[in-house]
Structures are given as C-alpha cells and as structure tokens.
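This report describes the fold of one protein chain for a reader who is new to structural analysis. Please keep the sequence and the three-dimensional view at hand while reading.

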Amino acid sequence: MEQKVLVAYGTANGSTQEIAGTVAEVLRTTGITAEVLPARSVTELDRYEAVVVGGALYAGRWHKDARRFVRRHRGALAHRPVWFFSSGPLDSTASRRGIPPVPGVKRAMARLDARGHVTFGGCLTEGAHGRIARMILRDGKGGDFRDFAAIEHWAAGVAKELGAMTHRAQRS
C-alpha cells in the first residue's frame, strides 16, 4: 500500500522550503511518495494519508502561510497523522537542545493530536526580504544555522512511524 504524504511549508526567504524538501527527500528514500508544496497553494488534502507542516518563526509566531494552512484544513488534518516543524533560531540553540513549539503551534498540536514537533535552526543570509530581516543582517546576526543531519534524522523517524502505522493497518 503506497502512502502519499504532503510536506507543506510557510517561508519568507526560502530556507524553510529547503528544510521541507529535505524532509520529503528522506521520506522518498523509504518508499513513501512525498509532495512538497507551499502551504498557501494547497487547496485540498484528500489524496494524502499524512501531512507534515513546517513554518518559519518570526517574532515568536509561525509564518502566516503555515498558520492559515492549519486553520483552513483543520477538519481534514484531524483525520490523518500530522507532524509539525519550525525553523527559526538564528543561533545554534536548536542543535544543542530541544526547543518547544511556540504557543500557537502548541495549541494547533493539541487540537489536531499532532504526532510531533521539532524546531530546527534557521537561516537568514544576504538578499533576505523584509525590513526586519535586513536589520538583523545589518547587525551581523544572520547566518545559516540549519542542521541537515538533524533534519534527516527527524524525517527518518517520521518515515519509521508511518511505516509502523502501515504495517499495523495491513495486519488488521
């Protein structure tokens, strides 16, 4: 039984999109069909058995596209396995310790009985859009703090859990 998973994301400058792409790539290596789409472009979830939603963090909030995606599709999300990820700290804290979800993500997780959440380091480099992003860069606080080994490890855990769910469904 083939599983199809949506990896939807909200990003301002593309680094969360790259994380979403890495998650999907890992899922594909385990035989799962994974589609990566900007959260704002998703119109329905009928063809997906599971969903991963990622959002960049800005001022303690998930990217608006990720928030709107969850609100718009909450009914469909409530009936399938869901995982969340955030990207954002512009330092190495996400690699050193687990960072809990921001309050809005935590509430969405509880409402949807999400299977998990992780926060990855963010990335803000020259050419980033937005006044605040330019200020952060001007202050010398930008950089790429994404840990792709950690992203791949987390995605492998999602794939393993999906595989176990499929195995249980086939036995029953």
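Predicted model: local features only at pLDDT ≥ 70, side-chain atom pairs only at ≥ 80, totals over all residues.

The pairing of strand 3 with strand 4 (residues 61-62) runs antiparallel and consists of two bridges. Here Leu57 stands opposite Trp62 of strand 4. The two strands form a hairpin with two residues between them, and Ala59 in the turn has a positive phi of about 50 degrees. Strand 3 is mostly covered, since eight of its nine residues are buried.

How many residues of strand 1 are buried? Six of its seven residues are, and strand 1 is therefore described as mostly covered, with buried meaning under 20% relative accessible area. Leu6 has Glu35 as its bridge partner in strand 2.

Strand 1, helix 1 and strand 2 together make a right-handed β-α-β unit. Thr22 is located in helix 1, which covers residues 15-29. Thr22 counts as buried because its relative accessibility is 11%, and the limit for buried is under 20%. When neighbours within four places in sequence are left aside, Thr22 is in contact with Phe148, Ile151 and Glu152.

In soluble globular proteins, nonpolar side chains tend to be buried together. The largest nonpolar core of this model has 24 residues, and the members that touch the most others are Val23, Leu27, Val52, Trp83, Phe85, Trp154 and Leu162. Two or more residues come from each of strand 1 (4-10), helix 1, strand 3 (50-58), strand 5 (82-87), strand 6 (116-120) and helix 7 (148-171). Helix 7 gives the largest share, with seven residues.

Which residues does Val52 touch, not counting residues up to four places away in sequence? They are Val5, Leu6, Val7, Ala8, Val23, Trp83, Phe85, Trp154 and Val158. A second, separate core has 22 residues, among them Ala8, Leu45, Phe84 and Ala114.

Cys123 lies in strand 7, which covers residues 123-124. Is Cys123 buried or exposed? Cys123 counts as buried because its relative accessibility is 18%, and the limit is under 20%.

Apart from neighbours within four places in sequence, Cys123 is in contact with Ser15, Leu90, Gly143, Asp144 and Arg146. Gly142 stands 19 residues from Cys123 along the chain, and the C-alpha atoms of the two are separated by 7.1 Å.

## The chain as a whole

The protein chain contains seven helices and eight strands. Its radius of gyration is 16 Å, close to the 16 Å that the globule rule gives for 172 residues, so the chain is as compact as a globular protein of that length. Along its principal axes, the C-alpha trace spans about 55 × 30 × 25 Å. Of the 172 residues, 46% are buried. Among contacts with a separation of 6 or more, 75% are between residues 24 or more positions apart.

The UniProt record, an unreviewed entry, carries the annotation "domain: Flavodoxin-like" for residues 5-159. In the model, the span of residues 5-159 is 40% helix and 25% strand, and its end C-alpha atoms lie 10 Å apart.

Methods: Residues numbered from 1 in each chain as written. Heavy atoms only, no water. UniProt positions renumbered as here; feature names shortened; annotations may be inferred. Helix = DSSP H or I, 4+ residues; strand = E, 2+ residues; numbered from the N terminus. Buried < 20%, exposed > 50% of the residue type's maximum accessible area, 1.4 Å probe, protein only. Contact = heavy atoms within 4.5 Å. Core = buried A, V, L, I, M, F, W, Y, C linked by side-chain atoms within 4.5 Å. Pairing = 2+ DSSP bridges. Right-handed = clockwise from strand over helix to strand, strands pointing away. Rg over C-alpha atoms; globule rule 2.2 N^0.38 Å.
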